[in-house]
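This report concerns the aromatic contacts of one protein model. Please consult the sequence and the structure shown here before reading on.

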Amino acid sequence: MRDVVVIGGGLSGLAACYELEKRGTAYTVIEVKRRFGGGIRSTAEGGFIMDACAFAFRRPAGVLPPEFELDQQILPISDDVCVFRHGAESLIGAFADCLQGGRLMRMAVSSIGRLRNRFTICLENGIMLDAGALILAVPARYAARMLWNLAPEAAERLTAFRYDSIRRVSLGFRKRDLPASMDGVLDESFPFIIATDQPERVPDRDHCLIQVGLRFSSNTSAQEAIIVVTRHLGCCASPLVARADHWLEADLLSEHDQDHRENLRAIRDSLPAGISLIGSDYCRESPSSNGVSGLDERILAGTRAARDAIEFLQAAKRP
């Protein structure tokens, strides 16, 4: 019998699984894709290591498990901004490699419900699971669909979440092909640009890896986005490597102001006891700013959700 089901194998979901694992609580994680990590994915090409997600992060403040020894994987590119030596996906691998609990990959959840004192999870292939507690680590639109019958007020609020249309365009150049200055390249259509020449991420110090944010129309192809960004930067040559990625739920349009925090509080207050909702959509502070992503709140939310699930299960067993 499963104590906890974690729906979603992104960073927050894996952090929850890791905490449950440490505390000896039986769990199953359900992931709709064939791999963990959500939008966090890294690829190596031509001596460059590129990230489909944000590749620059605010330096984590004590949230990375010391046993992962990830500190040596963090490379500074400014006072408070860093990159991962082998790409951001190494963080996902560190969590996933430790997990021994059940996992259902390439499985989609259609709805969740309640039967007596157990939660029910209906998969889209017709299989039904049950659990004592649930952790939903999925974007708002998926959470809304799952919760529609069990928690309609929360589902209604979740359907109102809207996202920015930012592509993250990664380009690898020889430094000599870059303009002398990139001052003035940022505007409403190009909200951020981040660069590194850390040797672990580029072939050598004569090369540079750049990631540019591009707001785009829905009919802009990845190749068109690469061309637009290269021209906008004023580069002397085509990039040696390039990719353009868009993760629909990467950039919530809410500015994470007081209204957003109050909305999150109302959503959580309307959820049945025993269900937690975690992930970048539900951070109280913006998980990304000027292209630089934060990890702390997402990891801590997973840890707290696991502890809350355990406390809920323990309380349910008391006479």
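Five aromatic pairs are found in a search of the whole structure; rings of Phe, Tyr and Trp (its six-membered ring) pair if their centres lie within 6.5 Å, with planes under 30 degrees apart counted as stacked, over 60 as edge-to-face and the rest as tilted. The model is predicted, so local features need pLDDT of at least 70 and side-chain atom pairs count only at pLDDT 80 or more, while totals for chains, interfaces and linings use all residues. Residues are numbered from 1 along each chain as its sequence is written, and side-chain values use heavy atoms, leaving out hydrogens and water.

Two of the pairs are listed below.

| Pair | Distance of centres | Angle of planes | Type |
|---|---|---|---|
| Y18 and F95 | 5.8 Å | 85° | edge-to-face |
| F68 and F95 | 5.0 Å | 90° | edge-to-face |

Y18 belongs to helix α1 (residues 11–22) and F95 to helix α2 (residues 89–96), 77 residues apart, so this pair links distant parts of the chain; helices (H or I, at least four residues) and strands (E, at least two) are DSSP runs, numbered from the N terminus. F68 lies in the loop between β5 and β6, so its pair with F95 ties together parts that are 27 residues apart in sequence. Y18, F68 and F95 form one aromatic cluster.

Is F95 buried or exposed? F95 has a relative accessible area of 2% and is therefore buried, where buried means under 20%, exposed over 50% and partly exposed in between (1.4 Å probe, protein chains only). F68, at 12% relative accessibility, also counts as buried. D71 lies in the loop between β5 (56–58) and β6 (74–76) and, at 63%, counts as exposed.
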